[in-house]
Amino acid sequence: MALTIKEVEYVAKLARLQLNEDEKQIFAEQLSSILKYVEKLNELPTDGVEPLAHILPVYNVFRADEIRPGTPREEILANAPLVEDGQYKVPKIM
Amino acid sequence: MELHQLTIHELQELLSRKETSALEITQSIFTRIHAVDDQVRAFITLTEEEALANAREIDKQGEYGRIAGIPLGVKDIFCTRGVKTTCASRILENFVPTYDSTAAGRLFAEKGILAGKLNMDEFAMGSSTEQSAFFPTCNPWNLSRVPGGSSGGSAAAVAADEVPFALGTDTGGSIRQPASFCGVVGLKPTYGRVSRWGVIAYASSLDQVGTFAKDVRDCALVMNIISGKDPLDSTCVDLPVPDYSASLDGNVKGMKIAYPREYFQPGIDSHVQDAIKKALLKYEEMGAVVDEVSLPHSEYALPAYYLVATAEASANLARYDGVRYGLRDFEAANVIDMFSRSRAEGFGAEVKRRIMLGSYALSSGYYDAYYLKALKVRRLIADDFSKVFANFDLIVSPTAPTVAFNIGEQIGDPLTLYMNDILTVPINMAGLPAMSIPCGFHEGMPVGMQLIGPAFGESTLFKAAFAFEQNTDFHTFRPALEVK
Amino acid sequence: MSKDYEVVIGLEVHAELKTESKIFCSCSTAFGAEPNTQVCPVCSGFPGMLPVLNEKAVECAIKTGLALRCEVAEYCKFDRKNYFYPDLPKAYQISQYDLPICIGGYLDIDVEGEKTRVGITRAHLEEDAGKLVHQGDITTTPFSLVDLNRSGVPLLEIVSEPDMRSALQARAYMEKLRSILLFADVSDCKMEEGSLRCDANVSVRPWGQQELGTRAEIKNLNSFRALERAIEYEAKRQMEALEDGELIVQETRTWDEGKGVTRSMRSKEEAHDYRYFPEPDLPPLHIDQDWIDTVRKSMPEMPDQAGQRLMDQYGLSLYDADLITQSPQILKFFDETLALYADAKAVSNWMMGDLTRLLNQNGMEIQDAKVKPALLAEMLQLMADGTISGKMAKTVFEEMFVSGQDPQTIIKEKGLVQISDTDSLLPLIDEIINSNPKVLQDYKNGKEKAFGFFIGQIMKATKGQANPEMVNNLLKERLNRE
C-alpha cells in the first residue's frame, strides 16, 4: 500500500516530527516499501487467534501504598532546557 | 598475555593470588583503549578518571571475587548516574541521568568498574551501528566492516579486548547479531529475566538486557549478578535465579537439539549454514541427539516485529519533546512547533522512520489491520516454539544470514538492513532466551551460532554453549589490531 | 426548560483517589506542595522509567465499583493514550480503554420529590497529568510553566449514562456521587482543590425523539453551582441555535464563570487520534471473587442506607436525611450529638442551619469545627430546660463555634441566663404597665399592638433574656386582671 504525501504529513503531525518537502518524499517512498513488505502478514489467516499483548503469564504486580522521598528539585531540573520558579518553562500553547 | 586480553575468571584468579590489582587491570584496559579505539571507535564516553579512582578504592578494600575490580563497558542505552547517557542520539547528547539502571547498578554494587559508555545504533534501532548519530563503530576483525547492531560498540569493545565484558540490549537481535559479527559470546535472556529499569526504552515488550563476554563462563557469572526480581520493573519476574555456573559441566549427552528448516533457507549464506551444520555434527559427537524441525510461521516474524516494535517505540520516544531534558529548539514560537522541531533536529532518519511507521500502525482505521494483526501473528510464532520445546531441549540455528558486511553497503535501503534480523527477531517475539557463540570463520570474519532455549531455560543454553566451547577453540581467536 | 426540547446530560467525573503515594511511583500525593517537590524520574517521564501499580488505587476502584453497584471486572488491563502536551511527561497517559475495572452500575437521585436512577457506564483507573500555569489566559500567554507534582496522582474516571434531564438532576447526581465517594473513603472530593472534577456532555432533542442530539462537552466546571449554571446556559444556547436553524457542532466548550457563558475551545487542530494500545509495561489485572468479597466486607454504610435509617428511626424528612448523609463526617457528628440529646429534628435543624452557615462562611469542614457534638447537645439541653431562649442560643452557638468553649461557660461569661422565674418577672411587668398608662388604655380599648409594645419593653428591660413564653403568659394574666 503506497503512502501518499498527505498521509506522511498526517503521521508526521501525529508524531510531532517536522519534515521538509524532500524528507516527505523520501519517507513516503521508504515507508511505502516497508508497508508493502509488512502486508505479507495478510497471507496468514488469524481469525480466532488471541493477540499476544503480554508475553509473560503474569498478573497483579503491585506495590504497597507507601511514600518514598522523590528527587530533590534541583536534581530533577538539572537537565531541563529552561526553568523558571522551579518549573519547566515552555513557549505558548496556542 | 596482557591483562586486557584475559577473561573475567582469569583476572579473578590473578587477583585472588595477589598477582595483580584492580588498578593494574584498569590501567591495562585504558592503555588498550587508547591504543585501538581510534580505529574501532567503540566508545562514546570514557570514564577513565573515575575508573582509576574506583580501582584504587577497591584495592584499598582488598576484597575480590565475582567481578570486583573488573572493568566493564555499558551500551549507552543504560542510564548511569552522573555519566552522560546519549542513546547515540543528538536528542540526548547532553543528558546526564541522576539514576543508575538496575542492571548496571547491580554490577557496580559488585564493584565492577565502569570504563565507559559504548556506541550503538540510535535508540537501538539498527543492525550495524552505522545509525549512531555520532560515528560508526568498526568491526575489530576488519575495520572496513560493521560490527553489527544495535549493540555494536559493546560487541566490538569485547572483541578488541578493550573491556572483558559489556552490557547490551536486544530487541530484535541487537546482542546476538553483533556478537556473531564480532566473534564473541552474546546472551539475550528470557523476557522478564533482567530488569529494564533505567534502560532507555525502544520496544517495551521486546527489549531485554544481556551480556557480551569472551567466553561462556564469564557470561554465566555476569548473568547471575544482573538477573532477578526488581520491584521497580513490573515485567521483571519474581522467579529464583539458578546458579548458571553450575550448568558448566560440559555434558550434553542425550540433549535433544532441534534445527529449524526455515532458518537454513537459500537466503542464508551457504558458508554460514555450513559452519552451523558442522557445529551440529560436533554436538552429535558429544552425545546430543539432533533433529530437523519446522517453525512454520518464521517468515512472518520480521514483518510482525516491525509493526509491534515500531508501535511501542512511537509511544516510548514521544517523551523526547524538549520540555524536561534533551535537545530543545529555542526558536520555536509555540509549544507544538517546539515539539516538532526539537524532535526533527534531534532524531536521525531511521528513528523517524520507525516512529512514523509505528504511529501509522496504531492510527485510527489501521490499528486492526496492522498492530492487532501483528499481535495475533506473534501468538502463532510463540506457539511454534512451544510446540518444538515440548519435544526438544534446545534449538540451534545460524545467528545472522551473513558474516559482517562492509560499512556503507546496506545503509541505503532500510529493508535490506532489516533483513539482518530475520533469524533473531522470532526469539524476541516469543520472549525466549538465546545466545550467540562463535562457531567458525568465513572470509576471515566470525560466524555465530544461535542457541535458543525455552522460557527461563538459560541453564540449558549455558550447558550447551560451554560444552561446545570445551570441544572447540573458536572462542580463543582474537582479531589482529594494529596497536597505536 | 423548553416545551419543545428536552435536554440530555451525561457527566464524566474524575475523582483523585485518596492514596498516600501516586499510582505508578512512590511520590507523595499531598496537596499544596512547592512545584516539582513531589516528583521523581518515573512521574516526570524520564528515559528508562517504568510504572509499578499502587495496590491501594485498585482497592479504591473496587470499593467505588461496589458502592455504585457496578460489575467489577474479573480481568482488566491498562492502555496507553497517546498525545503531546507539556503537562504530560511521557506524552502518553496510562489509562484503561476497552477493559475498564468497573462496568455498569447506577445511583439514585431525588429532585423535588421526583426519583431518578442514573446509570453508570463505566469507571476506570488512570494517572493524572501535571499542572500548567499560564500568565493570564491560555490563548494569550507568552509562555507557560509546568509543575509535575500532580503528575501520576491516581484518578478514577466515572462515566454516567446520558440519563439526566435537567441541571438540577445533574447537580443532584454530583452531590450524591460525592457523598458516595466520601462514605466509601476513596477520595476527599474537594472540587476547589481539584480532587473532584466534572465535565458535562450536553445535548438537546425535540420531545419524543429517540435519537440523541449532537452533544457538546463542557469543561472548566469548578463548583456544583457552575455545573448547574453551565448546563442551563448550554441547553438554552443549543435550543436557540436549533430554533434559528443552526446545526450543533460536536465540540469541547469551556465554561466562563465570569461572563456566564460557554465558549468553543475548538482550535484548528483536528480531533486527537489517541492510538490506544495495551500498556506493555504493566501486567494485566485478575480480580477474583475473594478479593471483591474482602473489599465488600470492609465497606461502611453507604449514604442511601444511612439516610433510610435516619428516616425510619427518627422520622426525618428525605431532605434532612440527604443533607445529613452528605458526608460521613456530618453523619458522625449527627449520630454523636443524637446519642447525647435525643431529638433528631432539633439536632438536624441546628446542623443544617447555623452550623452549616458558619462552616460555609469560614470555608471549613465539619470535622475541623471547634464546636463538637457534646457541646451542641449541651446547648440543646439548656434550651430545653428553659435556661436559654432560642434567640440566646444563637448567640451561644456563634461563640461556641469561634472559641470551642462549652455553653455553660459562655452563658456565665456573657451573662446570658434566661430569666424564667416569676419572682423576677412579675415586678418588672408591673413596673412596665404602670409606667405606660396610655398604652394600657389602648390595650383595654382592644388595640393588639399594645400587647406587643409591652412585650418589647419587657424584653428590652431584660436585655432579651426574659423567657418569652413565660413573659407572654404572665403579661396576659396580669393584663386580664386590669
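Select chains A and C: the area buried between them is about 3,900 Å², and carbon and sulfur atoms give 60% of it. Buried area here is the accessible area (1.4 Å probe) that two parts lose on being put together, summed over both. The model is predicted, so local features need pLDDT of at least 70 and side-chain atom pairs count only at pLDDT 80 or more, while totals for chains, interfaces and linings use all residues. Residues are numbered from 1 along each chain as its sequence is written, chains are lettered from A in the order in which they are written, and side-chain values use heavy atoms, with hydrogens and water left out.

**Chain A against chain C**

Show the residues in contact (heavy atoms within 4.5 Å): 34 come from chain A and 55 from chain C. There are 22 residue pairs in polar contact between the two chains, both residues at pLDDT 80 or more. A polar contact is a pair of N or O atoms within 3.5 Å; within protein, one must be able to donate a hydrogen and the other to accept it, and residues adjacent in sequence count only if both atoms are side-chain atoms.

On the side that touches chain C, α1 (5-14), β1 (62-63), α3 (73-76) and β3 (87-91) of chain A each supply at least two residues. The largest share, five residues, comes from β3(A).

Strands pair if DSSP finds at least two bridges between them. Centre on A:Tyr88, which stands opposite C:Val146 in β11(C).

**Chain A against chain B**

Contact takes 48 residues from chain A and 66 residues from chain B. The two chains bury about 5,200 Å² between them, 71% of it on carbon and sulfur atoms. Pick out A:Tyr37, A:Leu41 and A:Leu52, which supply 13% of the area that chain A buries against chain B, more than any other three residues.

Terms used. Helices (H or I, at least four residues) and strands (E, at least two) are DSSP runs, numbered from the N terminus.
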